[in-house]
Protein chains: 4
Amino acid sequence: MSGAIEKGKKRWRAGVLGATGMVGQRIVQMLAQHPWFELTEVAASERSAGKRYADAVRWHLNEPIPEEARKLVVKDVAPPLDCDFVFSGLDSSVAGPVEAAFAKAGYPVVSNSKNHRMEPDVPLLIPEVNAGHLASIATQKKNHGYESGFIVTNPNCSTAGLALALKPLADAFGIEQVHVVTMQAVSGAGYPGVPSMDILGNVIPYISGEEEKMETEPRKLLGHWDGKRFVDLDVRLSAHCNRVQVLDGHMESVSVKLKKKASVKEVREALRTFEVDDELAGLPTALRRPIVVAEEADRPQPRRDSDAGAGMAAVVGRVRACPLLDFKFTVLSHNLVRGAAGAALLNAELLAARGLLDGKAGKDLAT
Amino acid sequence: MSGAIEKGKKRWRAGVLGATGMVGQRIVQMLAQHPWFELTEVAASERSAGKRYADAVRWHLNEPIPEEARKLVVKDVAPPLDCDFVFSGLDSSVAGPVEAAFAKAGYPVVSNSKNHRMEPDVPLLIPEVNAGHLASIATQKKNHGYESGFIVTNPNCSTAGLALALKPLADAFGIEQVHVVTMQAVSGAGYPGVPSMDILGNVIPYISGEEEKMETEPRKLLGHWDGKRFVDLDVRLSAHCNRVQVLDGHMESVSVKLKKKASVKEVREALRTFEVDDELAGLPTALRRPIVVAEEADRPQPRRDSDAGAGMAAVVGRVRACPLLDFKFTVLSHNLVRGAAGAALLNAELLAARGLLDGKAGKDLAT
Amino acid sequence: MSGAIEKGKKRWRAGVLGATGMVGQRIVQMLAQHPWFELTEVAASERSAGKRYADAVRWHLNEPIPEEARKLVVKDVAPPLDCDFVFSGLDSSVAGPVEAAFAKAGYPVVSNSKNHRMEPDVPLLIPEVNAGHLASIATQKKNHGYESGFIVTNPNCSTAGLALALKPLADAFGIEQVHVVTMQAVSGAGYPGVPSMDILGNVIPYISGEEEKMETEPRKLLGHWDGKRFVDLDVRLSAHCNRVQVLDGHMESVSVKLKKKASVKEVREALRTFEVDDELAGLPTALRRPIVVAEEADRPQPRRDSDAGAGMAAVVGRVRACPLLDFKFTVLSHNLVRGAAGAALLNAELLAARGLLDGKAGKDLAT
Amino acid sequence: MSGAIEKGKKRWRAGVLGATGMVGQRIVQMLAQHPWFELTEVAASERSAGKRYADAVRWHLNEPIPEEARKLVVKDVAPPLDCDFVFSGLDSSVAGPVEAAFAKAGYPVVSNSKNHRMEPDVPLLIPEVNAGHLASIATQKKNHGYESGFIVTNPNCSTAGLALALKPLADAFGIEQVHVVTMQAVSGAGYPGVPSMDILGNVIPYISGEEEKMETEPRKLLGHWDGKRFVDLDVRLSAHCNRVQVLDGHMESVSVKLKKKASVKEVREALRTFEVDDELAGLPTALRRPIVVAEEADRPQPRRDSDAGAGMAAVVGRVRACPLLDFKFTVLSHNLVRGAAGAALLNAELLAARGLLDGKAGKDLAT
């Protein structure tokens with residue numbers, strides 16, 4: 001880790017693609033207080049480009065727009081930008097080629113979009129789960145002829161909390177089957193997103209593409225990079241995805257079948273005591289213990305627990321035996337923090353700590 | 001079936017125990033328009049007894065209090081009452097001995113309470129599912145020395161829709177495993193029930209005793225009476241029960257493992273074409289086809305579909321393959337109608353049609 | 001009134017402009033059961049034109065799309081259409097010239113849009129309030145050179161219930177000042193309308209243009225046609241308009257200053273006993289007593305009372321003295337029925353009863 | 001002001017009466033971080049007395065129970081208690097005599113309850129509005145024979161924000177009439193409080209006793225102490241109180257008639273620039289500018305703005321001319337902070353700063 005980090009001085013300049021969207025706004029807001037990263041560029045669609053950020057954005061967060069962001073002029077979502085790397089909160093309808101263009105132009109791309117997640121040489125990264133996947137970046141660069149640029153992604157918002165909760169179980173006992181039913185918050189659909197006419201007093205039992213993501217992404221996340229390719233974990237998953245009248249926080253009713261025999265107590269302890277190593281614990285956005293096990297019989301609850309660990313914790317409750325698979329529990333995580341903006345930030349921090357943001361991106365502009 | 005029924009004249013006099021509660025109110029309201037049953041008695045706790053019903057009840061339904069109920073004087077929940085049979089919407093804290101006392105006193109008791117549901121000689125009845133269980137009544141009478149009285153129960157509100165949707169699958173393909181995650185409406189908790197401070201913008205992942213009921217009641221419901229005892233269906237169930245911010249209508253994400261191989265199309269057709277026989281179809285509250293299969297990708301939804309079939313339908317949607325068990329789907333049913341008041345009414349209608357309400361109950365009072 | 005009406009046979013063929021919108025859908029649904037009007041044409045924007053109605057519309061009502069509407073092919077919103085008159089639920093961005101074109105082409109236009117409401121020769125009509133304003137139609141025709149066509153409008157959804165409640169007070173006591181604060185339902189904003197991100201657990205104290213309408217429309221509604229022009233009632237109004245998390249039903253906290261002295265009892269009685277004459281009471285959508293006075297201290301409530309009088313009643317509650325003006329009360333009315341679709345229907349019925357729909361519109365197409 | 005305050009050392013020991021209630025919990029939580037006050041006693045009803053606080057309380061706040069409170073044993077709500085003064089969050093059914101008993105026993109009582117608010121020698125205090133009312137304490141002591149004890153109250157939760165917003169207008173222009181319509185949060189009704197069955201998708205146009213408080217308390221708050229008695233401000237008020245589906249934050253649509261002519265700009269500036277003096281600004285819970293004027297057309301909103309100024313700000317928006325009175329605006333304040341717990345804390349801080357908590361209360365116990 002470089003000296004600059006230790007001194008706590010902001011060292012890397014960050015751009016945000018899709019900065020006016022719901023996830024982009026969260027990233028902009030989280031960067032304002034960030035010890036390592038300085039926000040130097042915001043980019044968005046043509047409609048916004050050329051305006052000052054404060055004028056272009058319809059701001060949704062309770063905290064005000066950070067001062068350093070207000071004055072930035074929104075750029076087009078195309079290289080070059082004056083920064084060392086970019087976050088991408090782009091809509092999936094445009095993210096694919098744009099992110100590739102930035103990688104090609106030398107920028108590390110830390111993406112929240114789905115487009116490149118399942119590619120055979122792109123890390124789908126949750127640092128606490130599969131930091132080892134970063135080894136694939138070298139192959140990615142070679143495959144695409146990238147020089148200093150590359151793409152790293154984080155999973156879908158409903159996958160994030162699930163994969164985190166499965167990690168200690170996979171490590172300790174092995175997992176064979178996972179059945180998950182989600183109750184997802186409206187903020188996961190962006191803005192304007194879910195019309196109030198649809199969700200008031202209601203549940204919508206369908207979210208386009210969501211079940212497919214939940215049934216595939218955890219296999220890659222919990223798998224490993226064998227030096228040449230990702231080897232999925234051999235686990236079967238089934239997901240039912242529902243939208244509920246909640247603002248933030250995805251709830252999931254999970255049943256798992258393990259490889260090894262275990263007691264409810266052992267499962268609960270594996271979750272409760274799960275810790276990351278010192279490298280990860282030193283990242284600004286990381287928690288030493290990213291899984292919180294709720295004691296009360298009726299927790300977690302999205303309104304009361306989504307902000308646990310500043311939104312980066314997966315809160316698990318009601319660990320008990322399942323008459324069908326082996327165990328069941330409820331897991332909650334903040335879809336915009338652990339499931340999107342915070343996930344991307346943590347990924348960027350790991351890249352920074354490992355020296356992967358020290359390429360030439362933006363250097364020509366900066367000088 | 002007696003001539004009286006065919007002529008559409010009200011023939012049986014009904015009492016309602018727990019008439020001021022949420023379920024009791026629904027029964028009172030449904031009786032007002034009933035072609036066979038006349039409401040002659042309302043009974044409730046000491047606090048209400050002696051008052052006129054209109055003064056004793058805090059009415060929650062949008063329809064006004066029926067005229068014939070307004071003027072009734074609330075009686076104690078003890079025999080004798082001036083009626084041929086009683087509905088019981090009593091709280092489970094008191095229902096057990098009270099219902100037994102009415103049966104002892106000669107009254108058929110059509111109960112929505114949980115207390116007697118799992119007893120070895122009490123039918124847990126959904127007419128469309130297990131009308132044959134009524135044969136157990138003779139044994140029940142003998143066991144308890146009841147003369148004309150007996151107890152019949154309907155299942156828990158979250159079990160009702162599930163069991164109905166499982167019935168055609170059990171018949172056509174056999175079922176081995178069922179995994180169900182509920183998203184239940186607040187009206188299921190009665191009044192005042194769930195505090196708004198707990199449920200606004202929230203999900204509560206726990207409902208006391210609910211999962212246990214859902215994991216046992218369907219086994220009895222889908223089993224058979226062998227002449228001496230109930231033989232459960234050999235199916236394993238696992239339930240996660242959640243409370244959501246919905247007024248009426250329990251949603252359930254269901255996965256099932258079948259005994260026989262089937263296609264998604266065959267499963268959907270088995271659900272869609274499920275019909276009851278002429279005896280059942282002739283009951284006033286019955287639907288010829290009690291399962292409605294929604295065509296749209298995002299249905300059923302509680303606010304939009306709970307009233308399907310006047311609240312007596314189970315609405316099924318999103319029938320598809322399950323990567324873990326065999327098939328998955330969503331089922332919705334109205335917790336206060338199909339899951340409580342309507343269920344009790346339908347049970348009473350079947351009893352009436354089979355001559356089981358023609359005992360001596362209340363006859364001494366009536367003359 | 002013509003013989004055809006008395007026989008209950010559908011006699012007039014109706015077209016609906018903007019038939020795929022929220023108000024248009026309600027009109028289509030209400031026409032399905034209508035004794036006088038037959039739906040023969042649906043028209044909407046270019047995007048929908050040419051499709052069958054069932055394919056073009058995203059249907060929001062709980063009742064299914066009426067059979068006779070499903071099969072209709074959506075037409076452009078331009079004359080000619082095969083009908084005797086048109087309803088207009090068009091967006092105000094296009095309603096102005098389109099409605100004028102239909103009037104020019106010979107069609108009576110019964111409009112819910114704001115565009116022509118305040119014009120000096122267009123009736124802003126609530127039959128129970130100002131049926132006499134229909135006399136202005138002759139002037140309107142002359143002014144614009146219309147032959148059989150003309151335009152009649154109904155007021156804004158938040159004005160409708162207020163004006164109806166003010167009518168008996170204006171008649172009995174005279175009104176000088178009205179202060180109104182609204183709590184309006186999300187369905188008033190159409191679909192997709194209010195994003196759930198904005199309204200969940202929230203109140204929005206602003207609805208564009210709404211306060212201006214509420215401060216002017218009642219003056220015209222409660223005024224009179226002097227043979228040449230509308231003379232406004234000399235009443236001053238002030239409105240605060242808020243959006244709340246309610247599906248249907250606009251609540252309004254109203255304070256009024258009267259011209260004559262009155263007691264709370266007299267005011268309540270004037271509201272409670274307000275009746276329409278036989279001509280109006282004979283219209284299919286009319287109520288003999290369109291104002292319902294709630295007895296309970298905590299009513300009206302939108303979820304429980306919006307459907308009073310099939311959505312055509314104004315429900316008034318809590319009539320009491322106001323320490324500032326003279327009296328205050330709460331009024332609720334269904335924004336999509338009394339405030340839009342039902343209002344238009346009632347207007348058309350009055351036109352029909354008075355022979356004003358018997359022009360030549362569509363006659364050439366029909367033969 | 002004493003040296004102890006300046007050194008920032010906790011100096012006064014506080015007890016909380018009604019510590020398990022909604023307001024009591026907030027006070028307990030706010031005391032945990034308080035620079036001057038140390039929580040030494042919690043008292044509640046018999047049901048809780050004798051238990052440890054963590055076991056007795058059903059905790060509703062998102063922040064965990066403070067460590068120093070968890071271990072405290074709940075006492076009866078009767079003197080003596082080991083503290084220098086008490087906060088009272090008692091229910092009004094018991095607060096009257098209990099608070100008097102504490103005053104009699106020598107304890108300054110800082111009460112949120114309504115019981116003593118309107119008494120002729122009890123300050124109804126908002127420090128930013130009427131700090132001068134503290135002069136009445138000497139009279140109160142004499143009247144009741146209190147030695148070191150006395151009672152100070154804060155206004156009703158819906159009055160607090162209104163009175164604060166009216167203060168600069170009363171100072172600058174004089175106020176003659178105020179018309180206010182509230183849209184109040186469910187947390188104002190305590191726990192379990194408003195049943196979800198009542199408020200989901202609904203508005204309730206009635207809150208018992210609330211309108212009366214709003215029509216009288218501001219007269220006292222904005223009046224003055226003439227050395228012998230409180231002289232009310234001569235202002236007439238009218239209130240309509242509604243409950244809406246919001247968690248925290250009371251919204252109010254306000255119209256005011258001023259004594260002096262003013263422009264919208266002058267009114268807005270009077271609100272925007274309202275500042276407290278140095279004594280008040282130095283209190284830990286105080287804001288130099290307790291009124292925030294929102295710029296956006298659609299603010300304030302309860303979900304987004306209730307926490308402004310850590311919940312102690314009154315957020316005013318939409319200042320504009322009123323066609324009926326002179327001006328109208330929307331004001332929002334956090335009902336549990338500015339309207340209850342924070343209000344009481346601020347009152348206690350002012351008492352502390354003026355040496356009014358330095359009596360003998362609890363001194364005998366403490367030594």
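**Domain and chain contacts in a predicted model**

In chain A, 28 residues of domain 1 are in contact with 27 residues of domain 2. The structure described here is a predicted model. The domain assignment of chain A places residues 3–153 and 342–366 in domain 1, and residues 157–334 in domain 2. The C-alpha centres of these two domains of chain A lie 25 Å apart.

On the side of domain 1 of chain A that touches domain 2 of chain A, the elements that give two or more residues are helix H6 (127–130) and helix H14 (337–353) of chain A. H14(A) gives the most to this side, with seven residues. By class, the side of domain 1 of chain A that touches domain 2 of chain A consists of 16 nonpolar, eight polar and four charged residues.

Contacts between chains were examined for chains C and D. Here 35 residues of chain C are in contact with 35 residues of chain D. On the side of chain C that touches chain D, at least two residues each are supplied by strands S7 (175–184), S10 (236–243), S11 (250–258), S13 (314–321) and S14 (327–333) of chain C, and by helix H13 (302–305) of chain C. The largest share of this side, five residues, comes from S10(C). Sorted by class, the side of chain C that touches chain D has 16 nonpolar, 13 polar and six charged residues.

The two chains are related by symmetry. Chain C is superposed on chain D by a rotation of 180° with 0.0 Å of shift along its axis, at an RMSD of 0.0 Å. This is the relation of a two-fold axis. Of the interface residues of chain C, 100% are also interface residues in chain D, so the copies meet through the same surface.

Helix packing is illustrated by a pair within chain D. Two packed helices are described by the angle between their axes and the distance between the axes. The axes of helix H8 (residues 157–172) and helix H10 (residues 210–221) of chain D come within 10 Å and cross at roughly 35°. The crossing in which H8(D) passes H10(D) is right-handed. H8(D) contributes D:Ser158, D:Thr159, D:Leu162, D:Ala163 and D:Leu166 to the contact, while H10(D) contributes D:Glu210, D:Lys213, D:Met214, D:Glu217, D:Pro218 and D:Leu221. By class, the contact of H8(D) with H10(D) has six nonpolar, two polar and three charged residues.

Methods: Residues numbered from 1 in each chain as written. Chains lettered and ligands numbered in written order. Predicted model: local features only at pLDDT ≥ 70, side-chain atom pairs only at ≥ 80, totals over all residues. Contact = placed C-beta atoms within 7 Å. Helix = DSSP H or I, 4+ residues; strand = E, 2+ residues; numbered from the N terminus. Nonpolar A, V, L, I, M, F, W, Y, C, P; charged D, E, K, R; others polar. Domains from an automatic or database assignment. Axes fitted to C-alpha atoms, helices over the stretch in contact; angles between N-to-C directions. Left-handed = near helix turned anticlockwise from the far one by under 90°. Least-squares fit on C-alpha atoms with pLDDT ≥ 70 in both.
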